[in-house]
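Thanks for coming. I will talk through one structure, starting with some aromatic rings and then turning to the DNA.

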There are 2 protein chains.
Amino acid sequence: MANEEWRAWPRKRRKWGEVLAKKRVTLADVARLAGLSTTAASMILTGRPDTRLSAEAHAKVHAAAASLGYRPNIAARALRTDKTRTIAFISDYVATTRFASGLIRGALAGAEQAQHVMLVLETGGEPAREIQAIEAALDRQVDGLIFAAMRAREVFVPDIAINVPTVMLNGTSPRFPVSILPDEYRGGRAAVELLAGAGIREGIVLLGYNEKEETGLFRSETVTNRLAGIRDAMAAAGTTFVAELSCWNWEPDHGYDLTRTVLKSLKPRALLCLNDRLAFGAYQALDEAGLAIPEDVALVSFDNDEIASYLRPGLTTIGLPHEEMGRMAISLLLGTPTPARVLVEMPVVLRGSLPR
Amino acid sequence: MANEEWRAWPRKRRKWGEVLAKKRVTLADVARLAGLSTTAASMILTGRPDTRLSAEAHAKVHAAAASLGYRPNIAARALRTDKTRTIAFISDYVATTRFASGLIRGALAGAEQAQHVMLVLETGGEPAREIQAIEAALDRQVDGLIFAAMRAREVFVPDIAINVPTVMLNGTSPRFPVSILPDEYRGGRAAVELLAGAGIREGIVLLGYNEKEETGLFRSETVTNRLAGIRDAMAAAGTTFVAELSCWNWEPDHGYDLTRTVLKSLKPRALLCLNDRLAFGAYQALDEAGLAIPEDVALVSFDNDEIASYLRPGLTTIGLPHEEMGRMAISLLLGTPTPARVLVEMPVVLRGSLPR
DNA sequence: AATCCTCGCTAAAACCATTTAGCTATCGCT
DNA sequence: AGCGATAGCTAAATGGTTTTAGCGAGGATT
């Protein structure tokens with residue numbers, strides 16, 4: 001008795017008095033009401049060109065569909081067409097949301113605009129879960145796959161047959177040529193140019209990275225590019241950093257510690273922080289030291305994290321264009337596949353931490 | 001060449017010499033290889049009890065399925081069974097992510113555990129998009145619907161026939177009895193009890209609400225409950241607020257302004273902030289005034305926002321149990337529907353803003 | 001008058017899995 | 001030998017849509 005679950009779906013209409021669960025209206029219902037075949041109804045509703053059905057037939061079918069509130073059953077349609085108007089967004093972490101959310105949001109918006117729907121799957125970066133996620137998506141006949149990484153890096157994609165268009169979002173994979181990344185190099189340049197534009201060319205401290213210490217450490221490709229942009233722009237401005245401090249983890253605590261260290265030995269004119277959280281820590285240390293932002297010390301940073309707008313004065317930062325990237329992932333998936341690496345410009349967000 | 005993976009799924013077998021893009025393996029293939037009928041294969045693979053197929057048949061089918069890497073086509077299965085192992089998460093904003101992310105994350109985790117998959121849809125709270133989202137989900141035969149609101153409140157659910165189990169997450173609707181909310185009343189009590197436990201019973205300022213000003217203003221039900229808990233606990237502790245300040249929007253700027261206003265006229269012993277962002281602004285104002293946290297002024301707040309852990313000292317706060325709520329939404333959907341309102345306990349997160 | 005074309009439409013197959021109904025061979029029993 | 005029961009399996013229907021192949025009627029062409 002317990003395996004009632006095994007029974008077929010109640011085939012017959014429920015008893016009176018129970019909640020009325022009306023049956024789905026099908027194409028056959030529409031056709032019947034219109035007095036035509038399902039073939040005709042299908043062709044008309046899918047807007048097939050070059051069919052020879054009369055204008056009258058069109059009118060009848062549309063009227064019937066509207067009056068019954070017909071909606072095609074996508075699963076059934078998928079069976080024939082292999083198209084589900086569904087795409088899968090597989091990411092390592094939705095968790096670390098500060099990063100993820102923009103990507104998802106952009107992709108969601110793009111999907112909605114293209115009349116698609118998005119399956120979201122999280123893998124925690126664990127290969128076993130990655131495999132399950134891919135299979136779950138493929139089982140559902142998705143029209144495309146987006147592999148999103150929360151920190152831009154090379155992503156390991158398990159070696160499963162994937163037969164649908166695939167885009168790497170905020171990451172790369174040797175297996176899939178299409179990837180979307182922030183234009184870190186130009187972003188890096190922009191940060192330095194911002195300082196130069198404010199007349200600051202001396203006394204700049206780099207917070208978050210130190211060539212000597214970091215050699216050999218793994219850093220994502222994007223950080224490498226960001227630094228390349230920074231260094232090239234510094235060279236172009238004819239200046240160098242007065243100090244470079246690195247830390248393992250770019251969290252506020254470290255920004256605080258590093259800044260205190262800096263202040264012991266010198267009096268910087270500006271801090272170039274590799275992310276907003278480091279900058280946040282720096283704010284606290286500068287406050288404690290009685291230094292005014294931006295009069296005594298200016299700050300420029302990266303990410304355009306939420307906290308950047310909470311700080312006072314607001315933090316000038318080179319934003320990660322996550323939303324735009326997410327949107328682009330969809331349009332690349334759905335549009336003509338251009339096997340190329342797309343670099344999305346990082347917006348410059350001006351706030352009070354830089355003198356004008 | 002390189003983008004062979006990109007090609008559309010070929011309808012017909014490709015010409016000789018082209019890369020062999022194997023067709024999906026179907027149940028019929030498995031049955032054929034096992035030398036049995038599809039009926040037998042289906043019964044065996046779905047683990048149907050009480051069938052009389054031989055152990056040998058079981059072995060053969062499983063072997064065949066494994067060797068072909070068979071995966072059932074869920075769309076086809078859904079056609080018969082009406083079950084897709086997919087549930088839809090429809091929210092007003094994923095955007096304001098600080099709120100949303102926990103809910104999604106929890107739901108995602110719950111779904112994965114239950115071997116389901118989640119469709120995420122965003123409506124921006126716009127009725128037209130809500131209707132589209134619901135229809136898109138229903139078209140795909142989802143097994144359940146979750147309506148999530150980013151700020152707990154009554155949610156307007158458009159009047160469309162919905163024939164699948166539905167749960168309101170962080171919101172309520174007269175139409176759907178099952179809803180999951182934070183236990184704001186107990187959370188409110190907890191905040192006051194925290195202060196009392198630290199020996200603070202006088203000089204407490206309430207930041208974010210003022211009965212006089214706020215009368216008539218719309219505030220969500222949960223805030224009402226939170227305040228009821230706060231006031232009951234204050235009464236139980238035999239004390240009252242020394243001041244109550246309200247603001248329209250609970251953003252850092254307002255916390256800053258309100259706190260400065262307070263400091264002009266009195267010297268509070270503690271600030272009870274209605275959310276972490278207000279508290280964040282308060283920190284800045286207290287810093288400026290040279291007051292030490294928690295020695296001069298203690299703080300307790302709500303939400304356990306990300307910034308709460310960045311502040312120094314860390315902010316003691318009553319957290320929103322979003323992740324747990326999301327997880328619960330799934331288990332309510334998939335388990336026996338208990339038409340009841342579920343209140344999830346708000347965790348007390350102790351940090352340095354309260355003296356010990 | 002026979003043939004061909006076009007128009008307007010439909011029957012039926014196909015997609016893939018599940019489920020119902022039922023078939024055949026064997027065994028046990030009288 | 002005859003009957004019924006059972007074990008072990010399968011044919012066919014089903015779900016909802018798209019798509020292929022083609023039908024019948026009427027008009028034009030030869």
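F280(A), Y310(A), F280(B) and Y310(B) make up one aromatic cluster in this predicted model. Over all chains, the structure has five aromatic pairs. Take the pair F280(A) and F280(B): the ring centres are 5.8 Å apart and the planes stand at 55°, so this pair counts as tilted. Tilted is the class left over once planes under 30 degrees are called stacked and those over 60 edge-to-face. Are F280(A) and F280(B) buried or exposed? Both are buried.

Next, charges over rings. R312(A) has its charged end over the ring of Y256(B), 3.6 Å from the centre. R312(B), in turn, lies over the face of Y256(A), with 3.6 Å to the ring centre.

Now DNA strand D. There are 27 residues around it, and L27(A), R77(A), R80(A), T39(B) and S54(B) come nearest.

For R77(A), a polar side-chain atom lies 2.7 Å from one. For N73(A), a polar backbone atom is 3.0 Å away from one, and for S54(B), a polar backbone atom is at 2.6 Å. Elements giving two or more residues to this surface are α2 (38-45) and α4 (74-81), in chain A and in chain B. The largest share, five residues, is from α4(A).

Conventions
Residues numbered from 1 in each chain as written. Chains lettered and ligands numbered in written order. Predicted model: local features only at pLDDT ≥ 70, side-chain atom pairs only at ≥ 80, totals over all residues. Heavy atoms only, no water. Phe/Tyr/Trp six-rings, centres within 6.5 Å; stacked < 30°, edge-to-face > 60°. Buried < 20%, exposed > 50% of the residue type's maximum accessible area, 1.4 Å probe, protein only. Lys NZ or Arg CZ within 6 Å of the ring centre and 35° of its normal. Near = heavy atom within 4 Å. Polar contact = N/O pair within 3.5 Å; in protein donor to acceptor, adjacent residues only side chain to side chain. Helix = DSSP H or I, 4+ residues; strand = E, 2+ residues; numbered from the N terminus.
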